[in-house]
Amino acid sequence: NETAQDVKLPFGPVLVPLAVWQARKTDLIQREWEHGHQLGVWLGSQMRAAQTLASDMPRVSYFAGRRPPPPREILPEDVLQQAADPNCRFVALRRGRSDSAIAELSRSGFLAAELPVQLRALPDAASVLLWQRPPH
């Protein structure tokens with residue numbers, strides 16, 4: 001018995017009924033943009049110029065100052081291919097989208113990392129998984 005204004009939505013791209021879109025258009029656009037923006041900017045500040053980022057969230061790559069992938073669905077295999085680059089420092093995944101890549105990331109030497117405090121406070125931050133390759 002939720003109204004269009006207070007229906008709980010998961011993080012990330014969602015298909016919503018017209019009533020929800022009309023009631024929450026600004027919120028839906030802003031929450032996706034802010035999360036990708038802030039995470040991307042932080043990751044970009046943690047990487048050297050030659051380092052790369054693998055992600056199933058194109059906005060994160062863009063805001064990290066890296067070339068985003070082509071506009072199409074990003075599959076777990078795509079993320080693993082990006083992560084195989086020795087210059088890949090971080091892997092940022094949306095929980096539930098590329099979970100099948102997690103075991104392979106561990107085998108490839110990536111370690112689970114925590115989001116910084118300022119990003120953990122964002123709505124739905126728990127839906128982001130971050131992995132980091134330890135320095136050589």
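The sheet in this predicted model is open and has four strands in the order β1-β2-β4-β3, with mixed pairing. Strands here are DSSP runs of E with at least two residues, and helices are runs of H or I with at least four residues, both numbered from the N terminus. Two strands pair if DSSP finds at least two bridges between them. The edges are formed by β1 (52-55) and β3 (111-113), each of which pairs on one side only. Direction ignored, neighbouring strands of this sheet are turned by 30° against each other on average. As background, strands of a sheet pair through backbone hydrogen bonds, either parallel or antiparallel. The strands β3 and β4 run antiparallel and are joined by three bridges. Ala-112 stands opposite Trp-131 in β4.

Helix α3 (residues 76-83) packs on the sheet, where it touches β1 and β2. The direction of helix α3 makes about 165° with that of β1. For such angles, axes are lines fitted to C-alpha atoms (for helices over the stretch in contact), and values run from 0 to 180 degrees between N-to-C directions.

Residues are numbered from 1 along each chain as its sequence is written, and side-chain values use heavy atoms, with hydrogens and water left out. Since the model is predicted, local features need pLDDT of at least 70 and side-chain atom pairs count only at pLDDT 80 or more, while totals for chains, interfaces and linings use all residues.

Now to the nonpolar interior. A nonpolar core is a set of buried Ala, Val, Leu, Ile, Met, Phe, Trp, Tyr and Cys residues joined through side-chain atoms within 4.5 Å. Buried means under 20% relative accessible area, exposed over 50%, and partly exposed in between (1.4 Å probe, protein chains only). The largest core has 16 residues, of which Leu-39, Leu-43, Leu-53, Val-60, Ala-92, Leu-115 and Leu-130 touch the most other members. Two or more residues each come from α1, β2 and β4 (128-132), and α1 gives the largest share, three residues. Val-60 touches Gly-36, Leu-39, Gly-40, Leu-43, Leu-53, Ser-55 and Ala-92, leaving out residues up to four places away in sequence. Contact here means heavy atoms within 4.5 Å.

Ser-98 sits in the loop between β2 and α4 (102-107) and is buried, with a relative accessible area of 0%. Neighbours within four places in sequence aside, Ser-98 is in contact with Asp-56, Pro-76, Val-79 and Leu-93.

On to the aromatic rings. Rings of Phe, Tyr and Trp (its six-membered ring) pair if their centres lie within 6.5 Å; planes under 30 degrees apart count as stacked, over 60 as edge-to-face and the rest as tilted. By this rule there are two aromatic pairs. Trp-42 and Phe-90 form a tilted pair, because their ring centres are 6.0 Å apart and their planes stand at 55°. Trp-42 lies in helix α1 (residues 18-46) and Phe-90 in strand β2 (residues 88-94), so this pair ties together parts that are 48 residues apart in sequence. Phe-90 is buried, at 2% relative accessibility. In the pair of Tyr-62 and Phe-63, the centres are 5.0 Å apart and the planes at 80°, which means edge-to-face. Tyr-62 belongs to helix α2 (residues 58-63) and counts as exposed, at 53% relative accessibility.

Finally, the charged side chains. A salt bridge is a side-chain nitrogen of Lys or Arg within 4 Å of a carboxyl oxygen of Asp or Glu, and the structure holds three of them:

| Salt bridge | N to O distance |
|---|---|
| Arg-72 and Asp-78 | 3.0 Å |
| Arg-107 and Glu-104 | 3.0 Å |
| Glu-114 and Arg-120 | 3.6 Å |

Asp-78 counts as buried, at 16% relative accessibility. Arg-107 and Glu-104 are three residues apart in helix α4, so about one helical turn separates them. Of these two, Arg-107 is exposed at 62% relative accessibility, whereas Glu-104 is partly exposed with a relative accessible area of 31%. Glu-114 is exposed at 60% relative accessibility, and Arg-120 is partly exposed with a relative accessible area of 44%.
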